[in-house]
Amino acid sequence: MSDLNKLTLAAARDGLRAKDFTSAELTEACLSEIEGAGALNAFVHNTPEVAREQAKAADARLAEGDAPAMCGLPIGIKDLFCTKGVSTQAASAILEGFKPEYESTITTKLFDDGAVMLGKLNMDEFAMGSSNETSVYGNAVNPWRREGDEAKLTPGGSSGGSAAAVAGDLCLAATGTDTGGSIRQPAAFTGIVGIKPTYGRCSRWGVVAFASSLDQAGPMTKNVRDAAIMLETMCGHDEKDSTSADLSVPNFEAMLTGDIKGKKIGIPKEYRMDGMPAEIEKLWADGADMLRTAGAEIVDISLPHTKYALPAYYVIAPAEASSNLARYDGVRYGHRAALTAGEGIDDMYEKTRAEGFGHEVQRRVMVGTYVLSAGFYDAYYNRARKVRTLIKKDFEDVFASGVDAILTPATPSAAFGLGEMSESDPIQMYLNDVFTVTVNLAGLPGIAVPAGVDAKGLPLGLQLIGRPWEEGDLLNIAQSLEDAAGFVSKPSKWW
């Protein structure tokens with residue numbers, strides 16, 4: 001069977017059980033594809049020996065019968081997840097050479113269920129970015145191109161390597177993390193599905209921290225069914241994470257009935273931004289029509305504090321980052337700057353951090369330190385926390401009124417070209433998160449589903465926001481949207 005790397009998780013799972021092929025064959029197909037895809041710069045630490053060993057073990061387990069759903073399926077792991085004995089750099093020079101002596105809870109769950117790790121994936125440094133242009137490994141590249149144009153496009157960020165690898169069929173699925181849209185925005189830019197679960201649904205233990213009250217891991221997959229399959233394995237209570245919820249994990253795939261009759265879907269008026277491209281506006285309207293045709297009731301809703309979400313996010317996230325990144329000082333692990341005679345420990349800290357952190361990370365650490373400093377703490381950080389509470393209450397009020405999910409655009413545009421957003425104007429880049437940050441601030445589940453293409457043939461995504469802890473219901477509504485949209489486009493192979 002050819003093109004095994006192009007299979008979905010569900011199709012590969014069924015094929016393994018039917019003995020149409022082995023995990024070893026499936027894994028080799030992906031490894032071969034990765035070898036020829038250097039132009040995408042998606043995989044940054046390849047682990048073929050680990051993959052072959054895991055595939056062999058998975059085949060033995062499959063032969064015995066009763067193997068978990070993820071058993072034998074080759075996936076990529078974002079470089080933010082600690083993987084025992086395998087480089088984990090968070091795409092930063094400051095963690096060069098760091099090989100953890102432990103495994104993150106999420107990768108442990110995946111490997112315990114028999115998933116196969118093909119390698120570590122590119123990302124923005126410390127997950128700070130919306131275009132995968134802040135990575136020490138260089139830019140990840142979107143497998144999609146504009147029609148008639150060979151310009152390289154961003155796969156989005158920070159989970160850009162994950163998005164490029166899944167869209168380019170280098171792996172069957174990948175892990176991502178989402179602090180302000182870093183799963184959903186790259187999923188929308190590359191025509192795949194990405195879900196950020198409710199905060200606390202997936203353990204953060206062993207995931208390099210950016211902003212601890214916002215970070216949440218999730219799967220990036222080729223369709224909604226795959227997202228349900230992989231998410232179930234990734235979820236679950238973890239005593240090592242104090243924010244992990246002690247809730248049972250349902251069978252998300254079994255909840256994909258496709259029946260959304262009577263569901264109430266909210267359309268927030270505040271998301272109709274000035275200057276929104278007509279293509280995004282039309283996609284949003286078409287999405288609402290698709291859900292209405294499927295039997296859902298479409299209602300207008302208001303989330304009045306939405307306009308304050310982006311500034312609040314860009315106070316809270318850098319504040320938490322400046323605290324979390326204080327540990328990278330050249331003392332215990334990672335990069336340490338060389339000192340000249342007469343220089344002391346203060347010089348070592350200063351030089352190490354100046355050499356180890358990229359410009360965007362330095363910018364956010366400085367912003368975060370500023371808003372937490374005496375005299376500005378109340379003016380910025382405390383005000384942002386109060387705004388966050390109001391944003392959360394907006395969603396609570398809407399869900400209390402009987403709304404089951406909220407439909408919005410996932411991004412304000414299709415994928416843009418690498419280098420097109422000026423580094424001298426970071427706010428231009430930050431605006432990419434305008435539709436996604438509210439979900440993180442409120443701790444809600446959100447999913448991006450590909451729903452169409454723009455005039456230049458690039459994928460466009462829609463976002464569904466669900467009630468807390470009701471990922472199953474959210475996935476079912478997303479399945480209905482996916483079925484109605486019928487998005488089957490794939491990028492033409494140029495790499």
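Predicted model: local features only at pLDDT ≥ 70, side-chain atom pairs only at ≥ 80, totals over all residues.

**The contact and its surroundings**

A: From helix H9, the residues Tyr314, Val315, Pro318, Ala319 and Ser322 meet Arg364, Val365, Val367, Gly368, Thr369 and Val371 of helix H11. By class, this contact has 7 nonpolar, 3 polar and 1 charged residues. Two packed helices are described by the angle between their axes and the distance between the axes. Here H9 (residues 309–324) and H11 (residues 359–371) have axes that come within 7 Å and cross at roughly 100 degrees. That angle makes H9 roughly perpendicular to H11.

Now the sheet. Strands of a sheet pair through backbone hydrogen bonds, either parallel or antiparallel. In this model 11 strands form an open sheet with mixed pairing, in the order E1-E3-E2-E4-E6-E5-E10-E11-E9-E7-E8. The edges are strand E1 (43–46) and strand E8 (297–301); each has a single partner strand, so one side of each is left without a neighbour in the sheet. Neighbouring strands are turned by 30 degrees against each other on average, with direction ignored.

Take strand E5 next. It spans residues 193–196, and both of its faces are covered. In a regular strand the side chains alternate between the two faces of the sheet. Val193 and Ile195 sit on one side of E5, Gly194 and Lys196 on the other, and all are buried. E5 is joined to strand E6 (residues 216–221) by 2 bridges, and the two strands run antiparallel. Val193 has Thr221 of E6 as its bridge partner. With strand E10 (residues 446–453), E5 also pairs in the antiparallel sense, over 3 bridges.

Leu475 belongs to helix H15 (residues 471–485). With a relative accessibility of 0%, Leu475 counts as buried. Leaving out residues up to four places away in sequence, Leu475 touches Ile195, Val224, Ala227, Ala228, Leu231, Phe252, Leu256 and Ile447. Ile195 is on E5. For Leu256, 219 residues separate it from Leu475 along the chain, yet their C-alpha atoms are 6.9 Å apart.

Elsewhere in the sheet, the pairing is parallel. Strand E2 (residues 74–78) and strand E3 (residues 116–121) pair in the parallel sense over 5 bridges. Lys78 has Leu121 of E3 as its bridge partner. Helix H4 (residues 105–112) lies across E2, E3, strand E4 (173–178) and E6, and runs at about 175 degrees to E2. Helix H12 (residues 377–400) also packs on the sheet. H12 touches E8, strand E9 (405–409) and strand E11 (459–466), and its direction makes about 125 degrees with that of E9.

Back to H4. Its buried residues are Thr105, Ile106, Thr107, Leu110 and Phe111. These pack against E2, E3, E4 and E6, and also against helix H3 (48–64) and helix H7 (224–234). Gly114 follows H4 and has a positive phi, near 95 degrees.

The loops hold several backbone details. Most residues other than glycine have a negative phi, and most peptide bonds are trans. Ala90, in the loop between E2 and H4, has a positive phi near 55 degrees. Ala90 is also buried, at a relative accessible area of 0%. Asn132 lies in the loop between E3 and helix H5. The phi of Asn132 is positive too, near 60 degrees. Asn132 is buried as well, with a relative accessible area of 0%. Ser158 lies in the loop between E3 and H5. The peptide bond from Gly157 to Ser158 is cis, with omega near 5 degrees.

Ser135 is also found in the loop between E3 and H5 (160–167). At 11% relative accessibility, it counts as buried, because the cut-off for buried is under 20%. The side chains of Ser135 and Asn122 are joined by a polar contact of 2.7 Å. The Ser135 side chain also reaches the backbone nitrogen of Tyr137, at 3.0 Å. Not counting residues up to four places away in sequence, Ser135 touches Ala91, Asn122, Met123, Asp124 and Glu125.

Key:
Residues numbered from 1 in each chain as written. Heavy atoms only, no water. Buried < 20%, exposed > 50% of the residue type's maximum accessible area, 1.4 Å probe, protein only. Helix = DSSP H or I, 4+ residues; strand = E, 2+ residues; numbered from the N terminus. Pairing = 2+ DSSP bridges. Axes fitted to C-alpha atoms, helices over the stretch in contact; angles between N-to-C directions. Parallel < 35°, antiparallel > 145°, perpendicular 65-115°, else oblique. Contact = heavy atoms within 4.5 Å. Nonpolar A, V, L, I, M, F, W, Y, C, P; charged D, E, K, R; others polar. Polar contact = N/O pair within 3.5 Å; in protein donor to acceptor, adjacent residues only side chain to side chain.
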